[in-house]
Amino acid sequence: MNDRAALDLLVSQGPLTRTQIGELTGLSKPTASQLLARLTAAGLVRTTGNVTGRPGPSAQLYEIDPAAAHVAALAVDQLGITAAVADITGRVLGEERVDTAAVPGDAPDLTARLVARAVDGALAKAGVEHGQLHRAVIGTPGALDPQTGLLRYAPHLPGWQSRALREELAEVLGIPLVIENDVNLAAVAEQHDGAAQDFDDFVLVWVDEGVGAAIVLGGRLLRGATGGAGEIGYMPLPGAPLARDGDRSAAQPDAGGGFQRLVGTPSVLALAHECGAPQVRTVAEALARDDVRAEVARRLATGLAAVVAVVDPSLVVLSGEVPQAGGEALRALVQDEFTGLALPRPEIRISDIAGNPILTGALRTALAEARDAVFDTA
């Protein structure tokens, strides 16, 4: 317990002296010294210089040894896979993007080859050997059904429908791995590094090519019986056709039904064209128009009201291309549109995660898994 407390402190605080570790953990100087000697011998901690500029002998600084473990984080979308490799401190050492077209679409092991190529590319850029990897977390649309092992709610990902998907990918990578819903991972990123850091009950709503939500209650993700909690893209709403038999293609604005049909990226562009702007090509251009922004805000507020009425979160975080493109102007309109739609009135924020929030969440999850394993000195 003392070892883990000290290691967690070094992760969160950075380099510390023996005295600082003792003060922060409540350990005596002899116990702190023994602890640091033990962790150094185990290859988990190393010295990193001395504290200077104060009276008396200089004190040695200790830090987590970055080489103690490495993890891989992957974010999957319809066009390809992005992989990042980081050391145990969380520092990203290498990143690789592999397009789906990099492997022939009829290859029987398409998914495994794409994942392996992405991880190998990130390892090469990081200068890390494959044998130094300890854990991997893969973020995908949809969710693994815990009973069948099938990836549900992601018909637009060909090659990801094997019942033994987790086992096949673990075999090609040679390490333990987790396959997690991409929007859930975006919520993990917000919980640790973004707009939801001070909230135990919040909903992250992802509005992009696809639409989904992650529900966090009591600080824990709500998954549902089949992993489908938060699949609000299918949610029936006034003005949208019903989504039947899991038909929720993001490729065309006139495909599928439900909430996604109202606010997904293709639908926002289609709305701009309907409003007399056929030259608009990007979501940012579409949401720069007052009429389009107001209508998207109304649609978003209607869908959010249905979620809020059931879950009653303290906070709703809007993430994905549409909220990022609409920015504060869209957020304010959505907040205003909420008046009268639902009795609970949660705060609404735009995600402030820099970079890819799905990759950030996958990295956070992989690091937590690796630290639980590597930092166990029992």
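User: Is Thr111 buried or exposed, and what relative accessibility does Thr111 have?

Analyst: The general idea is that buried means under 20% relative accessible area, exposed over 50%, and partly exposed in between, computed with a 1.4 Å probe on protein chains only. Thr111 has 5% relative accessibility, so it counts as buried. This is a predicted model, in which local features need pLDDT of at least 70 and side-chain atom pairs count only at pLDDT 80 or more, while totals for chains, interfaces and linings use all residues. Residues are numbered from 1 along each chain as its sequence is written, and side-chain values use heavy atoms, with hydrogens and water left out.

User: Where is Thr111 placed, and which residues is Thr111 in contact with, leaving aside its neighbours within four places in sequence?

Analyst: Helices (H or I, at least four residues) and strands (E, at least two) are DSSP runs numbered from the N terminus, and Thr111 lies in helix H4, residues 110-126. Contact means heavy atoms within 4.5 Å; once neighbours within four places in sequence are left aside, Thr111 is in contact with Pro158, Gly159, Trp160, Leu165 and Leu169.

User: How do I read the packing of H10 with H11, and at what angle do they pack?

Analyst: Axes are lines fitted to C-alpha atoms, for helices over the stretch in contact, and angles run from 0 to 180 degrees between N-to-C directions. Angles under 35 degrees count as roughly parallel, over 145 as roughly antiparallel, 65 to 115 as roughly perpendicular and the rest as oblique. Helix H10 (residues 290-311) packs with helix H11 (residues 321-337) at an angle of about 65 degrees, their axes being 9 Å apart, which means that H10 is roughly perpendicular to H11. Residues of H10 that meet H11 include Arg293, Val296, Leu300 and Leu304, and among those on the H11 side are Val322, Leu330, Leu333 and Glu337. For the classes, Ala, Val, Leu, Ile, Met, Phe, Trp, Tyr, Cys and Pro count as nonpolar, Asp, Glu, Lys and Arg as charged, and the others, Gly among them, as polar; the contact of H10 with H11 has 11 nonpolar, no polar and 3 charged residues.

User: At what angle do H1 and H3 pack, and which residues meet there?

Analyst: Helix H1 (residues 2-13) and helix H3 (residues 29-41) pack at about 80 degrees, with their axes 10 Å apart, and they are therefore roughly perpendicular to each other. Asn2, Asp3, Ala6 and Leu7 in H1 meet Thr31, Leu35, Arg38 and Leu39 in H3, and by class this contact of H1 with H3 has 4 nonpolar, 2 polar and 2 charged residues.

User: What is phi near at Asp312, and where is Asp312 placed?

Analyst: Most residues other than glycine have a negative phi. Asp312 has a positive phi near 55 degrees; its place is the loop between H10 and strand S14 (315-319), where Asp312 is partly exposed, with a relative accessible area of 48%. Tyr153 also has a positive phi, about 65 degrees, although it is not a glycine, and Tyr153 is found in the loop between strand S9 (151-152) and helix H5 (165-173).

User: Which residues is Ala195 in contact with, leaving aside its neighbours within four places in sequence?

Analyst: With those neighbours left aside, Ala195 is in contact with Glu190, Leu315, Val317, Arg349, Ile350 and Asp352. Ala195 lies in the loop between helix H6 (182-193) and strand S11 (202-207), and Ala195 is buried, with a relative accessible area of 5%.
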